[in-house]
Amino acid sequence: MSELKKRVVSSMVILPLSFYFIIKGSVLFLSFLFFCFLISCYEWNKMAKDRIILILGAIFLFISFYCAYSIRENLQDIGLFVFLFLIIISISTDIGGFTCGKIFKGPKITKISPKKTYTGMIGSFLFSIILGLMFVNLYPNLSSFNNQSAINLILLILCLSFISQIGDLIISYFKRISKIDNSGNLIPGHGGILDRIDGIIFVIPFFYLLNSLFKIV
């Protein structure tokens, strides 16, 4: 309960502050991304034991944060809403997995992350679909999404949720081989920045590539 209280209080501070920088955009958003990028690289440095893995990881982080800036700033009037959509899918995936995993428990998925269960995975998909569809229907700015069939939109959300879960497992794997529970201790109850954005840093470049190939928006 103590950890849960810390997590809730931290979220009440971090989330509004993060969304403020995201919504404001421009220099504030760029400064926010740069700060997160530096902390992420510092935390990654603690997890990557091999020099090649360290360099490749840092390059990946740079690409991911560049894609984040590009999506937010370069998609004209829908950039903000598309970026928020990706964030919401990633957050709902995390919340769904945590909530359903805690309530229903069940068999574990992998030893890489012992807390991950099949019920949690199903919860991740369900939460992401529900919140993703709600967000798209609330904002007419996302007409590019609304113009797609419901099936295509659900498939997109499922793909993004799946990538978010894969990202979570990848970061968990590196934490496990480094024998650390959290990537850092910057955020009380949550750990480090990479603990919170592990899914997001994979979802954003995946969507950027997908959109470059198929012009989703």
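A residue counts as buried when its relative accessible area is under 20%, as exposed when that area is over 50%, and as partly exposed in between. With this scale in hand, the report can turn to the structure, which is a predicted model.

**The chain as a whole**

The chain is built with 9 helices and 0 strands, and reading along the sequence gives the pattern α-α-α-α-α-α-α-α-α. Its radius of gyration is 17 Å, close to the 17 Å that the globule rule gives for 217 residues, so the chain is as compact as a globular protein of that length. Along the principal axes, the C-alpha trace spans about 45 × 40 × 35 Å.

Of the 217 residues, 41% count as buried, while the chain exposes about 12,100 Å², of which carbon and sulfur atoms supply 70%.

**Aromatic pairs**

The structure holds 9 aromatic pairs, and two of these are set out in the table below.

| Pair | Distance between ring centres | Angle between planes | Arrangement |
|---|---|---|---|
| Y20 and F21 | 5.6 Å | 70° | edge-to-face |
| W44 and F174 | 4.9 Å | 75° | edge-to-face |

For the pair of Y20 and F21, the planes stand at 70°, and an angle over 60 degrees counts as edge-to-face. Y20 and F21 also belong, together with F32, to one aromatic cluster. Y20 itself is partly exposed, since its relative accessible area is 43%.

The pair of W44 and F174 is likewise listed as edge-to-face, with 4.9 Å from centre to centre and 75° between the planes. W44 lies in helix α2, which covers residues 26–47, and F174 lies in helix α7, which covers residues 150–177, so the pair ties together parts that are 130 residues apart in sequence. W44 has a relative accessible area of 7% and is therefore buried. F174, at 15% relative accessibility, counts as buried, because the cut-off for that class is under 20%.

Taken together, these details describe a predicted model with 9 helices, in which the pair of W44 and F174 joins a residue of helix α2 to a residue of helix α7, and in which Y20, F21 and F32 form one aromatic cluster.

Terms used: Residues are numbered from 1 along each chain as its sequence is written. This is a predicted model: local features need pLDDT of at least 70, side-chain atom pairs count only at pLDDT 80 or more; totals for chains, interfaces and linings use all residues. Side-chain values use heavy atoms; hydrogens and water are left out. Helices (H or I, at least four residues) and strands (E, at least two) are DSSP runs, numbered from the N terminus. The radius of gyration is taken over C-alpha atoms; the globule rule is 2.2 Å times the number of residues to the power 0.38. Buried means under 20% relative accessible area, exposed over 50%, partly exposed in between (1.4 Å probe, protein chains only). Accessible areas come from the Shrake-Rupley method with a 1.4 Å probe; for residues, only the protein chains shown count as cover. Rings of Phe, Tyr and Trp (its six-membered ring) pair if their centres lie within 6.5 Å; planes under 30 degrees apart count as stacked, over 60 as edge-to-face and the rest as tilted.
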